[in-house]
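Visitor: Can you walk me through the ring contacts and the core of this protein? Keep it brisk.

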Amino acid sequence: MRCLLLPLALLLAACSTTAPEPPTGEATSLPLLEPGFMLGTTFFGSGDVDALGTTERALLTDGIARGMTGFTLYVDWADLEPTPGRYTLDRFEATLSALRQLGFTPFVNITVGDIGDMNLPEDLSDGAGGFADGVALDDADVLDRFGNLLDRVVPIALANDVFLLNVGNEFDDRLDGDFRSERDAYVRFVEAARERVHAIEPKLAVGVTLTARPVREQTRTFQAMRGAADVVAFNYGPIESDLSVSDVNDIRSDFETTLARFGDGPIVIQELTCPTASAMGSSEAWQKTCYETLLDVITETPQVRFASVFTFQDFDAEICRAVQEALAFDESEELPEAFVERYQEYLCTMGVVRPDGSPKLTWDVLLDAAD
């Protein structure tokens, strides 16, 4: 239940300087992605095609036929390597194969760092989002261990048309905040992963995903990752720090400013999120206008190569309650009741398709953009 666009990181301070150019090399131009722009989606991070209902599958089939052919797939390191040196890759391979058979072109993120926490195998983790005693991300044995995993993952990815492999999601609030000392280690981790992947296939790009804030503010984490990775992707949702949605009149300028920070690109947007939560001041009409605005800007920005709608479908009531319980705030945080209400509704209204499989107003907007 990871990979949420939680904009609390907007409250953190950041340094503002000029970002370096990304590394030069074949993969920086995303050679495994078709020329132009690709629109995609995801199933709240999952790629479980078998769980699709008949109506949902028909919608997706139509979307793919119209050109909505990208897909973002998230996977945990621990799921691929539950114990040191023991790999469980069958489900990963089957998921990618099912997506490819539907007609999707996948983007994979192994979420090593995820929303402020380290997301590691049990023997490397302290169980609370940090490292086990004596462990650092740039330890030689950790780098080699992840490299050995990549040796097995990359051929599977290439066989299933993966064009980008990222090794972290929204971890910038950690590295720009209380854990700045970990930044250099993460940079070396990304550099080592990139070198290992390129030894197998130089055309497969390797990157990381940040929130929009460090991109906009040109923080040191953004600079460092841009210097280490082929691509720095980001997640974008016009959502304020109090979890209310932005005024539709402000979305364009903010999104344009964020995209401009990349210069000549290429630009990859792992998640575009426009929720319909009424508690956030949103609605289906607001979502429609939000996506229309974002896609208008994208069509005016040829450096944008990929953007994925987060997410395809809202949860039904039962799953929604389970997700809310699983991702509930700690009572000790003493957050305002209105904030918690917005967050809970946000979790369950990020989709562009309703729980019953019927499309929201936004769906036709996406199909027109894919066309």
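Visitor: How many aromatic pairs does the structure hold?

Guide: It holds 20 aromatic pairs. A pair means rings of Phe, Tyr or Trp (its six-membered ring) with centres within 6.5 Å; planes under 30 degrees apart are stacked, over 60 edge-to-face, the rest tilted. This is a predicted model: local features need pLDDT of at least 70, side-chain atom pairs count only at pLDDT 80 or more, and totals for chains, interfaces and linings use all residues. Residues are numbered from 1 along each chain as its sequence is written, and side-chain values use heavy atoms, with hydrogens and water left out.

Visitor: What kind of pair do F43 and F71 form?

Guide: Edge-to-face, with 4.9 Å centre to centre and 75° between the planes. F43 lies in the loop between β1 (38–41) and α1 (54–66) and F71 in strand β2 (residues 70–75), so the pair ties together parts 28 residues apart in sequence. Helices (H or I, at least four residues) and strands (E, at least two) are DSSP runs, numbered from the N terminus.

Visitor: Is F43 buried or exposed?

Guide: F43 is buried, at 13% relative accessible area. F71 is buried too, at 0%. Buried means under 20% relative accessible area, exposed over 50%, partly exposed in between (1.4 Å probe, protein chains only).

Visitor: Which residues do ring pairs link into a cluster?

Guide: F43, F71, F104, F312 and W363.

Visitor: New topic. How many residues are in the largest nonpolar core?

Guide: It has 102 residues, and I110 and V112 have the most contacts inside it. Such a core is a set of buried Ala, Val, Leu, Ile, Met, Phe, Trp, Tyr and Cys residues joined through side-chain atoms within 4.5 Å. Helix α4 gives the largest share of this core, eight residues. A second, separate core of eleven residues includes L30, F107, L164 and F306.

Visitor: Where is V112 found?

Guide: V112 is in the loop between β3 and β4 (113–114). V112 is buried, at 0% relative accessible area. Leaving aside neighbours within four places in sequence, V112 contacts residues including W77, L137, F146 and Y186. Contact means heavy atoms within 4.5 Å.
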